[in-house]
Amino acid sequence: MKRYSAFAIAREALRHHAGWERAWKSPEPRRRYDVVIVGAGGHGLATAYYLGKNFGITDVAVIEKGWLGGGNTGRNTTIIRSNYLQDASAAIFEKARSLYETLSQDLNYNVMFSPRGVLMLAQTEHEVRGWKRTAHANALQGVETEYVDAQRVKELCPIMNIDGPRYPVLGALWQPRGGTARHDAVAWGYARACSAMGMDIIQKCEVTGIRAEGGKVRGVDTSKGPIDCGKLGLVVAGHSGVLADMAGFRLPIESVALQALVSEPIKPCMDVVVMANTVHGYMSQSDKGEMVIGGGADGYNNYTQRGSFHHIEETVRALIETFPIISRLKMLRQWGGIVDMTGDRSPIMSKTPLENCFVNCGWGTGGFKAIPGSGWGFAELMAKGQSPLCDAFSLDRFREGRFVDESVAAGVAH
Ligand code: FAD
Ligand code: PYC
């Protein structure tokens with residue numbers, strides 16, 4: 001695959017851009033691969049990439065029922081941070097955040113990582129105590145965060161009304177190297193790098209069954225025919241329960257819709273990301289000028305990949321208290337994604353009762369930020385049978401009561 005570079009842009013400019021190659025190949029599936037990954041979202045593609053890069057395993061197919069990045073990876077509000085409370089979470093989210101810092105260079109694809117800083121507002125005394133505690137925990141974990149007072153919040157985000165009618169801003173947890181990245185580009189960059197390593201990314205191919213023999217995985221049935229494999233990774237977010245059912249085990253996962261919307265574009269007015277968990281809403285400004293806005297998850301399980309007026313009203317009403325400046329903006333579009341929620345709001349990266357079948361799911365409302373770290377750890381788990389990044393997130397924890405409770409750090413009401 002030809003490298004993207006300033007030289008390549010200049011060369012193509014001189015020949016009417018006729019020489020660009022397709023970013024990834026679209027092959028028909030072969031009959032067998034060493035590894036099959038189901039789900040070409042960020043986590044599935046990153047897993048394939050680090051299998052190749054870190055372990056030299058390139059006989060890999062990534063099977064996707066729709067188009068790559070068309071699940072939650074292409075539907076999220078792109079917030080990246082690692083200000084979690086528990087050590088195991090801080091480790092994987094900080095690994096991911098630090099990989100994001102150089103991901104564009106690593107993949108030779110501009111993922112537009114923008115470490116503009118993330119503010120998580122404290123609007124009750126309880127939140128003040130909570131965020132101070134997280135800042136202390138992060139200091140011990142080597143994660144750079146700081147508790148800042150209301151005046152500093154106003155300096156960082158001048159359009160904010162810190163004297164809100166119901167909940168004045170009392171302070172915030174500030175992560176200066178948190179931020180955003182272009183979500184599609186993360187999926188596209190990994191896909192291109194996987195394809196360059198000779199892996200097959202097979203789109204419009206639904207996995208409809210999982211074949212096993214003697215307690216060991218043998219392969220998958222798909223809408224393009226059967227495919228055998230040595231190892232199988234299930235990385236399908238909101239559809240994890242469906243795939244687990246095909247493999248003959250159950251997962252402690254609930255699937256719900258999470259929604260977001262963007263406004264019409266306006267001039268740059270906000271260069272940080274703000275999450276306001278008490279009134280409940282979060283907002284950042286995209287490079288195009290749109291205000292990117294999200295709210296809470298549905299209060300009932302469902303598979304409907306779409307938005308609803310009820311959520312728009314609730315989220316926008318909440319954010320207008322903190323940002324009166326947005327009250328007259330027009331909404332451009334809204335959408336939803338099906339997120340995979342565990343009881344402790346932490347992911348599952350684990351072996352399963354079916355030998356050689358692994359599962360990576362449960363990222364719920366917060367897995368975009370985790371993509372590089374999750375791919376790194378899950379690739380190690382699949383290649384070696386063990387990974388320090390994944391240990392705390394095994395399925396056993398639900399049986400043994402070793403929960404990794406991150407309901408607060410998740411930052412989204414559910
Ligand atoms: P996905 O990207 O959903 O990929 C799974 C893929 O599996 C899909 O493409 C699907 O088509 C495929 N699949 C399913 N079943 C099959 C099958 N039978 N055969 C083949 N393929 C199949 N996280 C953050 O960190 N920051 C945020 O700001 C943020 N905001 C969010 C806002 C919204 C509105 C939503 C919905 C989510 C948000 N998230 C956020 C969460 C984040 O998007 C997800 O945790 C993450 O994208 C999950 O990635 P994934 O690769 O696991 O799943
Ligand atoms: O995990 O930071 C997050 C997040 C923000 C919006 C949705 N999830």
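Predicted model: local features only at pLDDT ≥ 70, side-chain atom pairs only at ≥ 80, totals over all residues.
1. As for conventions, residues are numbered from 1 along each chain as its sequence is written, chains are lettered from A and ligands numbered from 1 in the order in which they are written, and side-chain values use heavy atoms, with hydrogens and water left out.

2. Back to that cavity (on a 1 Å grid over the protein atoms alone, a set of points where a 1.4 Å probe fits but cannot get out; lining residues have an atom within 4 Å of a point). Its volume is the space filled by probe spheres set on the points, with grid points joined across faces, edges and corners. The lining has 15 residues, and Y84, R345, W363, G366 and A410 lie nearest the centre. By class there are 6 nonpolar, 7 polar and 2 charged residues (Ala, Val, Leu, Ile, Met, Phe, Trp, Tyr, Cys and Pro count as nonpolar, Asp, Glu, Lys and Arg as charged, and the others, Gly among them, as polar).

3. The whole structure has 3 cavities of 30 Å³ or more.

4. Now ligand 1. It has 36 residues around it, with E64, N72, T73, T77 and K369 coming nearest (a residue is near if one of its heavy atoms lies within 4 Å). For polar contacts (pairs of N or O atoms within 3.5 Å), look at the side chains of E64, with an N or O atom 2.6 Å from a ligand oxygen, and T77, where the distance is 2.7 Å. I79 takes part through its backbone: a polar atom there is 2.9 Å from an oxygen of ligand 1. Taken alone, ligand 1 exposes 1000 Å², and the protein buries 96% of that (Shrake-Rupley areas, 1.4 Å probe).

5. Which elements give two or more residues to the shell around ligand 1? They are α2 (42–55), β12 (254–265) and β16 (331–341), where helices are DSSP runs of H or I with at least four residues and strands are runs of E with at least two, numbered from the N terminus. β12 has the largest share, 3 residues. The shell splits into 14 nonpolar, 17 polar and 5 charged residues. Domain 1 (29–82 + 84–105 + 183–245 + 344–400) and domain 2 (118–179 + 255–342) each supply at least three of the shell residues; these bounds come from an automatic or database domain assignment.

6. Ligand 2 has T77, I79, R81, M275, Y282, T365, G366, K369, A410 and V412 around it. A polar side-chain atom of K369 sits 2.5 Å from an oxygen of ligand 2, while an N or O atom in the side chain of R81 is 2.7 Å from a ligand oxygen. From T365, a polar backbone atom is 2.7 Å from a nitrogen of ligand 2. On its own this ligand exposes 240 Å², of which the protein buries 95%. Its shell divides into 5 nonpolar, 3 polar and 2 charged residues.

7. Last, the second largest pocket (an open set of grid points with protein on both sides within 12 Å along at least five of seven lines). It holds about 530 Å³, and of its 23 lining residues T78, R182, H183, S286 and V292 are closest to the centre. α7 (183–196), β14 (281–285), β15 (290–297) and β16 each supply at least two lining residues, with the largest share, 3 residues, from β16. The lining has 5 nonpolar, 11 polar and 7 charged residues. Why does this pocket lie between domain 1 and domain 2? Because both domains give residues to its lining.

Notes:
Polar contact = N/O pair within 3.5 Å; in protein donor to acceptor, adjacent residues only side chain to side chain.
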